[in-house]
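Dear colleague,

Please find below the structure that I am handing over to you. A summary of the findings follows it.

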Amino acid sequence: MLKKFSIDYIGMPRHTSRVFTHLTDDPVEAEEFLMHLLSAGARIQEIRHDGLSLTEHQFDKMVKVAAERVAARLVSESLNLDGAEVKRRFGFAA
């Protein structure tokens, strides 16, 4: 049975071209995994949902949400702000 989300990525693109796949049924876990990939500098190759590749718009939307969450977390930690203050001052949803 297919997992709901499949994320193909290269963990260390400067050192290898081996593609790994992360599988999950949970959309929140998929988003959190994308956050991890962005933070680690991994190369995200493809995201599939129910076995079908996401459109460019859907792909970009998922990556953008994950990137905004990473940015919000970094700002919150670096400036010692709570989520509401990060949203008010910088526009990132916490």
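Helices (H or I, at least four residues) and strands (E, at least two) are DSSP runs, numbered from the N terminus.

Please note that this is a predicted model, in which local features need pLDDT of at least 70 and side-chain atom pairs count only at pLDDT 80 or more, while totals for chains, interfaces and linings use all residues. Residues are numbered from 1 along each chain as its sequence is written, and side-chain values use heavy atoms, with hydrogens and water left out.

From β1, Phe 5, Ile 7 and Tyr 9 point one way, whereas Ser 6, Asp 8 and Ile 10 point the other way. Ile 7, which belongs to strand β1, has a relative accessible area of 0%. Leaving aside residues up to four places away in sequence, Ile 7 touches several residues, among them Phe 20, Ala 30, Phe 33, Leu 34, Leu 37, Ile 44 and Ile 47; contact means heavy atoms within 4.5 Å. Ile 7 and Phe 33 are 26 residues apart along the chain, and their C-alpha atoms are separated by 8.7 Å.

**The sheet and its helices**

The protein has three helices and four strands, and along the sequence they follow the pattern β-β-α-β-β-α-α. The four strands form an open sheet in the order β2-β1-β3-β4, with antiparallel pairing. The edge strands are β2 (20–24) and β4 (52–53), each of which pairs on one side only. Two strands are taken to pair if DSSP finds at least two bridges between them.

Strand β1 is joined to β2 by five bridges, and Phe 5 stands opposite Thr 24 in β2. Six bridges join β1 to β3, where the bridge partner of Ser 6 is Arg 48. Arg 48 also stands opposite Ser 53 in β4; two bridges join β3 (residues 43–49) to β4.

Helix α1 (residues 27–40) lies across β1 (5–10), β2 and β3, at about 10 degrees to β1. Helix α2 (residues 56–79) lies across β1 and β3, at about 115 degrees to β3. For these angles, axes are lines fitted to C-alpha atoms, for helices over the stretch in contact, and angles run from 0 to 180 degrees between N-to-C directions.

**Two loop residues**

Asp 50 has a positive phi of about 55 degrees although it is not a glycine. Asp 50 lies in the loop between β3 and β4 and is partly exposed, at 46% relative accessibility. Asn 80 likewise has a positive phi of about 55 degrees without being a glycine. Asn 80 is found in the loop between α2 and α3 (83–90) and counts as exposed, at 71% relative accessibility.

**The protein as a whole**

Along its principal axes, the C-alpha trace spans about 40 × 30 × 20 Å. Of the 94 residues, 28% count as buried. Among contacts between residues at least 6 apart in sequence, 46% join residues at least 24 apart.

With kind regards

Conventions: Buried means under 20% relative accessible area, exposed over 50%, partly exposed in between (1.4 Å probe, protein chains only).
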